[in-house]
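Please look over the structure shown below before reading on.

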Amino acid sequence: METSIVIIIYIVMFLIAFVLCFASVKYFITMWKFKNRKKDGSEDDDFKRFD
């Protein structure tokens, strides 16, 4: 009984960590693109939510 609860808790924790990792990588890529965008403003439509 206790073993199955521990396994379920581990699975839930792994899923939470996986989702947070994925969100962090997505955010990092977006910020990388934002930092390295062209200075003429041609790509600013992609980053309207940061203004």
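Predicted model: local features only at pLDDT ≥ 70, side-chain atom pairs only at ≥ 80, totals over all residues.

Residues are numbered from 1 along each chain as its sequence is written, and side-chain values use heavy atoms, with hydrogens and water left out.

Reader: How many helices and strands are there in the protein?
Author: Helices (H or I, at least four residues) and strands (E, at least two) are taken as DSSP runs, numbered from the N terminus. On that basis the protein has 1 helix and 0 strands.

Reader: What distance does α1 reach from its first C-alpha to its last?
Author: The expected span of a helix is 1.5 Å times one less than its number of residues. For α1, with 34 residues, 50 Å is expected, and the model comes close to this at 49 Å.

Reader: Are the rings of Phe14 and Phe18 stacked or tilted?
Author: Rings of Phe, Tyr and Trp (its six-membered ring) pair if their centres lie within 6.5 Å; planes under 30 degrees apart count as stacked, over 60 as edge-to-face and the rest as tilted. By this rule there are 2 aromatic pairs. With centres 6.2 Å apart and planes at 25°, the pair of Phe14 and Phe18 is stacked.

Reader: By about what are Phe14 and Phe18 separated in helix α1?
Author: Phe14 is exposed at a relative accessible area of 56%, and Phe18 is exposed at 53%. The two are 4 residues apart in helix α1, so the separation is about one helical turn.

Reader: Are the rings of Phe28 and Trp32 stacked or tilted?
Author: The ring centres of Phe28 and Trp32 are 5.8 Å apart and the planes are at 45°, so this pair is tilted.
Both residues, Phe28 and Trp32, are exposed. They lie 4 residues apart in helix α1, about one helical turn. The description of the pair is therefore tilted.

Terms used: Buried < 20%, exposed > 50% of the residue type's maximum accessible area, 1.4 Å probe, protein only.
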